[in-house]
Amino acid sequence: MPDDLAEKVLTTLASVKHIPREQIKLESSLADLGFDSLDTISMLFELETNFNVAIPDESARSIRYVYEIVDGIRALQAAPSATPASSE
């Protein structure tokens, strides 16, 4: 069962692609969901806005599956909290 972050990603993808949320699973590939390059750009913009993160271009190009999006956003959200501790 998806957690809150994963559920928000799934809902965002459903909104961008205009498909029922129930059709999207963490194991779904973007190709199987019918995402083309324009859909992917729209999706990345929505994810960056919804999660207040900046998704690097190299990461965006390598995304193939929904779980990779969830894992990537989780990592981006965790990264800023680690930087203040390294100021010593």
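Here are some friendly notes on helix packing, salt bridges and backbone angles in this predicted model.

1. Let's start with the packing of H1 against H2. The two helices meet at an angle of about 140 degrees, and their axes are 10 Å apart. That angle makes H1 oblique to H2, since only angles over 145 degrees count as roughly antiparallel. The crossing of H1 past H2 is right-handed.

2. Next, the residues in that contact. By class, the contact of H1 with H2 is made up of seven nonpolar, three polar and four charged residues.

3. Thr-12 deserves a look of its own. This residue sits in helix H1, which covers residues 4-17. Thr-12 has a relative accessible area of 6%, so it is buried. Beyond its neighbours within four places in sequence, Thr-12 touches Glu-46, Leu-47 and Asn-50.

4. How many salt bridges does a search of the whole structure find? The search gives three. In one of them, the side chains of Asp-39 and Lys-17 come together at 2.7 Å, N to O. This pair links distant parts of the chain, with Asp-39 in helix H2 and Lys-17 in helix H1, 22 residues apart. Asp-39 is buried, at a relative accessible area of 14%.

5. Another salt bridge joins the side chains of Arg-74 and Asp-3, at 2.9 Å from N to O. Arg-74 belongs to helix H4 (residues 66-82) and Asp-3 to the segment before H1, so the pair ties together parts that are 71 residues apart in sequence. Arg-74 is partly exposed at 35% relative accessibility, and Asp-3 is partly exposed at 34%.

6. Glu-7 and Arg-21 also form a salt bridge through their side chains, at 2.6 Å, N to O. Here the link runs between Glu-7 in helix H1 and Arg-21 in the loop between H1 and H2, 14 residues apart. Glu-7 is partly exposed with a relative accessible area of 29%, and Arg-21 is partly exposed at 21%.

7. Finally, two backbone angles to check by eye. Most residues other than glycine have a negative phi. His-18, though not a glycine, has a positive phi of about 60 degrees; its place is in the loop between H1 and H2, and it is exposed at 71%. Asn-52 has a positive phi near 55 degrees. Asn-52 lies in the loop between H2 and helix H3 and is exposed, with 72% relative accessibility.

Terms used. Residues numbered from 1 in each chain as written. Predicted model: local features only at pLDDT ≥ 70, side-chain atom pairs only at ≥ 80, totals over all residues. Heavy atoms only, no water. Helix = DSSP H or I, 4+ residues; strand = E, 2+ residues; numbered from the N terminus. Buried < 20%, exposed > 50% of the residue type's maximum accessible area, 1.4 Å probe, protein only. Contact = heavy atoms within 4.5 Å. Axes fitted to C-alpha atoms, helices over the stretch in contact; angles between N-to-C directions. Parallel < 35°, antiparallel > 145°, perpendicular 65-115°, else oblique. Left-handed = near helix turned anticlockwise from the far one by under 90°. Nonpolar A, V, L, I, M, F, W, Y, C, P; charged D, E, K, R; others polar. Salt bridge = Lys/Arg side-chain N within 4 Å of Asp/Glu carboxyl O.
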